[in-house]
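My entries follow in the order in which I made them.

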Amino acid sequence: GTLEDQGTLGVNSAQSLASPFVVQGVVAGAGALTVTGAMTTNGADFEGPGTVTVTGTWNIPASDSANVTGGSLVNNGTATLNNSSSLYIYNTTVTNTGTVTMRANSEVYGYNTTPAFDNAGTLVVNPGSTGTATLAGGSLVINSTGSIQLSSGTLDISSGATLNLNAGSSVSGSGTLEDQGTLGVNSAQSL
């Protein structure tokens with residue numbers, strides 16, 4: 001069956017979830033949660049302080065969102081931010097060691113003083129030929145040691161956001177990387 005969280009799911013010890021998981025409420029608690037099946041977030045709030053690790057698929061539907069306000073969230077699987085969807089990060093870190101695909105008008109947005117998106121996997125930007133995906137927020141720091149594939153459209157680094165291209169990172173594809181924030185080229189790169 002499917003586990004549908006519309007209230008608060010308290011994870012107080014290490015747990016693994018293989019069933020489809022629909023999060024419309026809060027995931028909280030100090031325990032580690034590993035999602036090996038499909039996870040869909042519809043206005044979800046990951047409060048922590050534990051870690052949620054997705055090894056299956058993670059879908060943020062069109063015009064919907066996921067909020068990470070505490071703990072940490074790790075994508076070791078395949079995540080998709082669909083058209084006009086948002087991943088909001090508040091004073092914590094979201095780590096990608098799998099694949100994250102950003103569609104048209106999707107965004108990763110950082111709030112408060114220490115939001116971070118660490119890309120050690122593959123970030124695929126595929127918003128269509130005239131579309132834009134955005135990395136934004138007053139203090140969002142994107143640390144990339146993985147691949148950024150600009151499959152189509154534009155990846156916009158908005159004012160206030162920082163993209164650090166660190167050792168091991170690469171940027172490729174026919175799309176456009178538009179920097180309106182800060183672009184840190186911290187290792188040899190071929191753009």
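**Entry 1: the second largest cavity.** I looked up the lining of the second largest cavity and found Trp58, Asn75, Leu81, Leu87, Val94, Thr95, Asn96, Val100 and Phe117. I noted the terms: on a 1 Å grid over the protein atoms alone, a cavity is a set of points where a 1.4 Å probe fits but cannot get out, and lining residues have an atom within 4 Å of a point. The volume of this second largest cavity is about 40 Å³. A volume is the space filled by probe spheres set on the grid points, which are joined across faces, edges and corners. Strand S15 (residues 93-96) gives the most to this lining, with three residues. Strands are DSSP runs of E, at least two residues, numbered from the N terminus. I sorted the lining of the second largest cavity into six nonpolar, three polar and no charged residues. In this sorting Ala, Val, Leu, Ile, Met, Phe, Trp, Tyr, Cys and Pro count as nonpolar, Asp, Glu, Lys and Arg as charged, and the others, Gly among them, as polar.

**Entry 2: sources.** I recorded that the model is predicted, that local features need pLDDT of at least 70 and side-chain atom pairs pLDDT 80 or more, and that totals for chains, interfaces and linings use all residues. Residues are numbered from 1 along each chain as its sequence is written, and side-chain values use heavy atoms, with hydrogens and water left out.

**Entry 3: the largest cavity.** How many cavities of 30 Å³ or more does a search of the whole structure find? I found two. The largest has a volume of about 70 Å³. It is lined by 14 residues, and those closest to its centre are Val27, Gly29, Gly48, Gly50 and Val52. Strands S5 (26-29), S8 (44-49) and S12 (72-75) each supply at least two residues of this lining. The lining of the largest cavity holds six nonpolar, seven polar and one charged residue.

Entry 4: Aspartate 45 is buried (under 20% relative accessible area, with a 1.4 Å probe and protein chains only; exposed is over 50%). Leaving aside neighbours within four places in sequence, aspartate 45 is in contact (heavy atoms within 4.5 Å) with Gly25, Val26, Val27, Asn67 and Thr69. The peptide bond from glycine 48 to proline 49 is cis, with omega near 10 degrees.

**Entry 5: glycine 184.** Is glycine 184 buried or exposed? I found glycine 184 buried, with a relative accessible area of 12%. Glycine 184 lies in strand S27 (residues 182-185). Its C-alpha atom is separated by 4.4 Å from that of asparagine 164, 20 residues apart along the chain.

**Entry 6: positive phi.** Serine 63, not a glycine, has a positive phi of about 60 degrees. Serine 63 lies in the loop between strand S10 (57-60) and strand S11 (65-68), and is exposed, with a relative accessible area of 60%. For asparagine 105 I noted a positive phi near 60 degrees. Asparagine 105 lies in the loop between strand S16 (99-102) and strand S17 (107-111), and is exposed at 53% relative accessible area.

How values were computed: On a 1 Å grid over the protein atoms alone, a cavity is a set of points where a 1.4 Å probe fits but cannot get out, and a pocket is an open set with protein on both sides within 12 Å along at least five of seven lines; lining residues have an atom within 4 Å of a point. Helices (H or I, at least four residues) and strands (E, at least two) are DSSP runs, numbered from the N terminus. Lys and Arg count as positive and Asp and Glu as negative; His and the chain ends are not counted. A salt bridge is a side-chain nitrogen of Lys or Arg within 4 Å of a carboxyl oxygen of Asp or Glu.
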